[in-house]
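I opened my notebook today to get to know a structure that was new to me. Here is what I looked up, entry by entry.

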Amino acid sequence: MTVLGDGTRCVHGGVHDHGLGEPLHPGPVLATTFHLGLPDDPPPTDFYGRAGNPTWRSLETAIGELDGGECVLFASGMAAIAAVLRLAGRDGALVVPSDGYYLARSLAHEELGPLGVQVREVPTVGEWPAGVLDGAALVLLETPSNPGLDVADIAAAAEAAHAAGALLAVDNTTATPLGQQPLALGADITLASDTKGLAGHGDVLLGHVSVRDPALAVRLREARTRGGAVPGPMEVWLAHRGLGTLDLRLARQASNAAAVAAAVAEHPLVSDVRWPGLPHDPAHAVAVRQMRRWNGVLRFTLPGEAAVGQFLAASRLVASATSFGGLRSSADRRRRWGDDVAAGLVRFSAGCEDEQDLVADVRRALDAVTG
């Protein structure tokens with residue numbers, strides 16, 4: 001069987017052949033109710049909008065093929081994370097990254113902790129505390145981490161988690177399914193905020209979870225139906241349309257990230273530049289083993305809050321925004337959201353502008369910073 005390339009899979013994933021005269025690109029199914037037939041007829045695949053929609057299944061098929069598992073869509077990345085973290089239940093401890101996305105930790109401590117779930121934190125890289133996996137039910141990794149851009153060894157973490165009887169889930173938002181395939185590296189679960197790179201246009205809230213175990217996919221779908229964290233068909237259709245250009249966008253974003261990382265590293269006011277694709281980056285050795293392609297997100301540190309403000313005010317091409325993975329480059333001072341980082345740490349999302357224009361703009365903006 002011929003192995004198709006990334007671009008082909010992005011363009012054709014979840015798209016089925018249609019009859020003569022039917023649209024080549026069918027629109028979303030905007031329905032909450034479906035024909036049931038007679039009372040004695042078996043329920044059809046679609047019977048109510050909270051339980052299923054053919055628009056969902058098309059994108060789930062496409063993402064599942066990229067992830068190498070069975071995909072379940074959710075209304076947002078946080079809804080996907082919440083569904084995964086709740087799998088721990090009260091049967092064991094939950095291990096989460098101490099330096100990953102702050103809302104994942106908040107959810108674990110503030111909502112699951114009071115229900116009796118023991119929550120433990122570990123760093124993305126470095127030694128984990130002795131006994132932290134004892135009695136664990138689920139371990140969550142985020143790699144590359146947000147906002148630190150550290151990279152965890154997924155295969156090693158999977159081996160450790162499985163030896164302790166725990167599931168390993170990997171937040172793959174920063175890498176995207178094209179950049180990294182956690183399921184192939186031993187993880188049981190991969191998840192992402194598709195609001196970011198996969199949909200890619202800054203107009204959709206969406207998340208997904210992909211798993212290797214079909215029984216686990218059933219549990220996730222049941223939890224989605226009960227909890228109501230379901231995506232709208234229009235949002236799913238928009239994300240599927242965005243997926244078609246993920247291969248192209250990721251290539252340009254990664255190229256721009258490399259150029260911006262090199263440019264900012266030369267500036268005297270910039271310190272601590274991190275991007276896994278840099279040969280001298282502390283994460284590069286692990287990243288080059290497990291990542292298929294580089295991402296478009298980097299980080300660097302300016303002297304403080306005022307310096308970040310001056311940089312953003314002076315830039316014409318870099319938007320001040322808290323998401324990443326979009327067409328337009330953006331930057332975000334992470335300390336403002338409560339991350340335990342330096343006041344001037346900037347998470348930079350490289351967009352799809354021309355490289356020379358973006359680099360020139362970033363350099364001009366940095367030169368406007370007075371320190």
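**Entry 1: a threonine to start with**

In which helix is T176 found? I looked it up, and T176 is in helix 6, residues 176-179. Helices here are DSSP runs of H or I with at least four residues, strands are runs of E with at least two, and both are numbered from the N terminus.

Before going on, I noted that this is a predicted model, where local features need pLDDT of at least 70, side-chain atom pairs count only at pLDDT 80 or more, and totals for chains, interfaces and linings use all residues. Residues are numbered from 1 along each chain as its sequence is written, and side-chain values use heavy atoms, with hydrogens and water left out.

Back to T176: its phi is positive, about 70 degrees, although T176 is not a glycine. T176 counts as buried because its relative accessibility is 6%. The cut-offs, with a 1.4 Å probe and protein chains only, are under 20% relative accessible area for buried, over 50% for exposed, and partly exposed in between.

I found a positive phi at D272 too, about 55 degrees, and D272 is not a glycine either. D272 lies in strand 8, residues 271-274. With 41% relative accessibility, D272 counts as partly exposed.

**Entry 2: cis peptide bonds**

I checked the bond from T143 to P144 and found it cis, with omega near -10 degrees. P144 sits in the loop between strand 4 (136-142) and helix 5 (154-163). The bond from N146 to P147 is also cis, with omega near 15 degrees. P147 lies in the loop between strand 4 and helix 5.

Which residues of helix 11 are buried? In helix 11 (residues 305-314) they are A307, V308, F311 and L312. They share one side of helix 11, because they cover an arc of only 130 degrees around the axis; the arc is taken from the directions from the helix axis to the C-beta atoms.

What do the buried residues of helix 11 pack against? I listed strand 9 (297-301), strand 10 (319-320), strand 11 (330-333), strand 12 (345-349) and helix 12 (355-367). Contact here means heavy atoms within 4.5 Å.

**Entry 3: aromatic rings**

I counted four aromatic pairs in the structure. Rings of Phe, Tyr and Trp (its six-membered ring) pair if their centres lie within 6.5 Å; planes under 30 degrees apart are stacked, over 60 edge-to-face, and the rest tilted. For F300 and F348, the centres are 6.3 Å apart and the planes at 40 degrees, so this pair is tilted. F300 belongs to strand 9 and F348 to strand 12, so the pair ties together parts that are 48 residues apart in sequence. Both F300 and F348 are buried.

**Entry 4: pockets and cavities**

Points are joined across faces, edges and corners, and a volume is the space filled by probe spheres set on them.

The largest pocket holds about 650 Å³. It is lined by 24 residues, with V15, L24, H25, P26 and H240 closest to its centre. Helix 8 gives the largest share of this lining, four residues.

The second largest pocket has about 360 Å³. M78, Y101, S193, K196 and S323 are the closest to its centre among 21 lining residues.

How many cavities of 30 Å³ or more did I find? The count is two. The largest cavity has about 90 Å³, and T174, Q253, G296, V297 and G325 lie nearest its centre. The second largest cavity holds about 30 Å³, and its lining includes I81, Y101 and D171.

Notes
On a 1 Å grid over the protein atoms alone, a cavity is a set of points where a 1.4 Å probe fits but cannot get out, and a pocket is an open set with protein on both sides within 12 Å along at least five of seven lines; lining residues have an atom within 4 Å of a point.
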